[in-house]
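Please keep the structure open beside the text.

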Amino acid sequence: MIHHQPCVSRMTLIQLENSSKLLAQEVSQRFDEFYQTFPTGYMKFAEGSRSTELYEAYNVFLCHYPGFADLYRQIVTTIKSKIPNYQDYALAGWVNIYNKGGYLNWHKHGPEDQIHDGRWHGYVAINAEPSQTLYRDKEEIIKTIDNKDGYITLSPAGLYHRVSEWKKDQPRITIAFDVIKREQIDPLLLNRWIPII
């Protein structure tokens, strides 16, 4: 149910580390006014990574910075090998950047009452060693992933997950994404999703 396997080369990782930092900075600046309208407590689980909190404002795979196109191709290849009806789906992603002491707290993607309604969630570790991602159902931890740079992790979107506290001085970077059926796309966010073809 949770897939964890190699995805991108060391050369692409170097490009993605630099590009992720640039994009996160650009997103934070460009959407600051929008961010100020967020209600108190919204996206509290993601505090510390503005580019995560603003995930609905952009799609990393539409960015022209080096490495993102290669990453998109590799993620789509993985999706096609794991989701039989992939043509019915679309993809959107964002950058997670956490500094020392930061972490992504427990959360899930999709409806509160379902573990798997057909949506998938994933991420590619860019600079995430050593850290762990923990998965649980409503109460119990069911899987712990030791993150490896260049690896993709893909899981049903309805599993709760969190990331361990980051201990290193340089930022922890991952690129996360959701894969949802096209019929599930919010009409207000139509320009954010890329069909998987």
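What follows covers salt bridges, a helix pair, the cysteines, a few contacts between sequence-distant residues, and some backbone details.

The model is a predicted one, and its local features are described only where pLDDT is at least 70, while side-chain atom pairs are counted only at pLDDT 80 or more.

**Salt bridges**

How many salt bridges does the model contain? The count comes to seven, and three of these pairs, taken as examples, are set out in the table.

| Salt bridge | N to O distance |
|---|---|
| R50 and D32 | 3.3 Å |
| K100 and D169 | 3.3 Å |
| R119 and D117 | 2.8 Å |

The salt bridge of R50 with D32 links distant parts of the chain, with R50 in helix 3 (residues 50–53) and D32 in helix 2 (residues 32–35), and the two residues are 18 residues apart. Both partners have intermediate accessibility: R50 counts as partly exposed at 29% relative accessibility, and D32 counts as partly exposed at 31%.

The side chains of K100 and D169 also meet in a salt bridge. K100 belongs to the loop between strand 2 (89–98) and strand 3 (120–127), whereas D169 belongs to the loop between strand 7 (160–163) and strand 8 (172–181), so this pair ties together parts that are 69 residues apart in sequence. K100 is exposed, with a relative accessible area of 54%, and D169 counts as exposed too, at 63% relative accessibility.

For the salt bridge that R119 forms with D117, the closest N and O atoms are 2.8 Å apart; D117 counts as partly exposed, with a relative accessibility of 21%.

**Packing of helix 1 and helix 4**

At what angle do helix 1 and helix 4 pack? The angle between helix 1 (residues 10–30) and helix 4 (residues 68–82) is about 115 degrees, and their axes are 9 Å apart. Angles of 65 to 115 degrees count as roughly perpendicular, and the two helices are therefore roughly perpendicular to each other. On the helix 1 side the contact is made by T12, Q15, L16, S19, S20 and L23, and on the helix 4 side by F68, D70 and L71. Sorted by class, the residues of this contact are four nonpolar, four polar and one charged.

Helix 1 also contains L22, which counts as partly exposed at 47% relative accessibility. The C-alpha atoms of L22 and Y65 are 8.5 Å apart in space, although the two residues are 43 residues apart in sequence.

**Cysteines**

A search of the whole structure accordingly finds zero disulfides.

Is T174 buried or exposed? T174, which is found in strand 8, is buried, with a relative accessible area of 2%. Apart from its neighbours within four places in sequence, T174 is in contact with W94, V95, N96, Y123, V124, A125, I126 and A128.

G110 lies in the loop between strand 2 and strand 3 and counts as partly exposed at 38% relative accessibility. Although G110 and Q184 are 74 residues apart in sequence, their C-alpha atoms are 9.9 Å apart in space.

**Backbone details**

Most residues other than glycine have a negative phi, and most peptide bonds are trans. Against that background, two places in the model deserve a look. The peptide bond that joins E129 and P130 is cis, with omega at about -5 degrees, and P130 lies in the loop between strand 3 and strand 4 (132–136). M43, although not a glycine, has a positive phi of about 65 degrees; M43 lies in the loop between helix 2 and helix 3 and counts as buried at 8% relative accessibility.

Note on methods: Residues numbered from 1 in each chain as written. Heavy atoms only, no water. Salt bridge = Lys/Arg side-chain N within 4 Å of Asp/Glu carboxyl O. Helix = DSSP H or I, 4+ residues; strand = E, 2+ residues; numbered from the N terminus. Buried < 20%, exposed > 50% of the residue type's maximum accessible area, 1.4 Å probe, protein only. Axes fitted to C-alpha atoms, helices over the stretch in contact; angles between N-to-C directions. Parallel < 35°, antiparallel > 145°, perpendicular 65-115°, else oblique. Contact = heavy atoms within 4.5 Å. Nonpolar A, V, L, I, M, F, W, Y, C, P; charged D, E, K, R; others polar. Disulfide = S-S within 2.5 Å.
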